[in-house]
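This report walks through one protein model, beginning with a contact between two side chains and ending with the surface. Please keep the sequence and the structure in view while reading.

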Amino acid sequence: MIALGLLLVVIFGAGVYLVYAAPDILSEAAFQALLATGLIKASKKMTRRGWLGSVLRATCIPFLIVLLMTLVFGWVAYRYNPHATRLTEIFQRSATTERR
């Protein structure tokens with residue numbers, strides 16, 4: 001009976017944690033889905049022989065674009081709010097700044 005109670009506590013606790021962490025989990029999953037979608041088109045041009053070179057050629061430009069945009073966003077976010085440690089802190093600050 002105690003084991004069943006502990007099992008139920010763990011299951012419901014995991015559910016509560018998933019609801020609590022859902023915004024972070026879903027935003028990360030959405031970003032990865034968008035990134036993967038952009039790379040699928042380029043990866044279809046790969047050849048079987050010499051696949052490593054094909055992968056690097058096919059994904060080099062999209063990777064550099066994502067890297068450049070990440071660096072630009074990081075620089076702008078730092079200039080906007082240098083004390084933020086999470087992306088949500090930057091968006092929360094921008095939402096409160098716009099209301100004023």
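This is a predicted model: local features need pLDDT of at least 70, side-chain atom pairs count only at pLDDT 80 or more; totals for chains, interfaces and linings use all residues.

Side chains of opposite charge can pair when their charged atoms come close. A search of the whole structure finds one salt bridge.

Thr88 lies in helix α3 and is partly exposed, with a relative accessible area of 35%.

## Overall build

The protein chain has three helices and zero strands, and from the N terminus on its elements run α-α-α. Of the 100 residues in the chain, buried residues make up 7%. The chain exposes about 9000 Å², and carbon and sulfur atoms supply 73% of that area.

Ala58, which lies in helix α2, is one of the buried residues, because its relative accessibility is 14% and the cut-off for buried is under 20%. The C-alpha atoms of Ala58 and Lys41 are 8.8 Å apart in space, and the two residues are 17 residues apart in sequence.

## The largest pocket

Rolling a probe the size of a water molecule over the atoms shows where empty space is left. The largest pocket has a volume of about 520 Å³. Of the 16 residues that line this pocket, the closest to its centre are Glu28, Phe31, Phe73, Leu87 and Phe91.

Which helices supply at least two residues each to the lining of the largest pocket? They are α1 (2-43), α2 (51-80) and α3 (87-99). By residue class, the lining of the largest pocket divides into nine nonpolar, four polar and three charged residues.

## A nonpolar patch on the surface

On the surface, a nonpolar patch is formed by Ile61, Phe63, Leu64, Ile65, Leu67, Met69 and Leu71, which together have about 710 Å² of accessible area. One of these residues, Ile65, is found in helix α2.

Is Ile65 buried or partly exposed? Its relative accessible area is 48%, and Ile65 is therefore partly exposed, because that class lies between the cut-offs of under 20% for buried and over 50% for exposed. Helix α2 thus holds both Ile65, a member of the nonpolar patch, and Ala58, which counts as buried at 14% relative accessibility.

Terms used: Residues are numbered from 1 along each chain as its sequence is written. Side-chain values use heavy atoms; hydrogens and water are left out. On a 1 Å grid over the protein atoms alone, a cavity is a set of points where a 1.4 Å probe fits but cannot get out, and a pocket is an open set with protein on both sides within 12 Å along at least five of seven lines; lining residues have an atom within 4 Å of a point. Grid points are joined across faces, edges and corners, and a volume is the space filled by probe spheres set on the points. Helices (H or I, at least four residues) and strands (E, at least two) are DSSP runs, numbered from the N terminus. Ala, Val, Leu, Ile, Met, Phe, Trp, Tyr, Cys and Pro count as nonpolar, Asp, Glu, Lys and Arg as charged, and the others, Gly among them, as polar. Patches are made of residues with over 30% relative accessible area and no salt bridge: like charges are joined within 9 Å, nonpolar side chains (Val, Leu, Ile, Met, Phe, Trp, Tyr) within 5 Å. Accessible areas come from the Shrake-Rupley method with a 1.4 Å probe; for residues, only the protein chains shown count as cover. A salt bridge is a side-chain nitrogen of Lys or Arg within 4 Å of a carboxyl oxygen of Asp or Glu. Buried means under 20% relative accessible area, exposed over 50%, partly exposed in between (1.4 Å probe, protein chains only).
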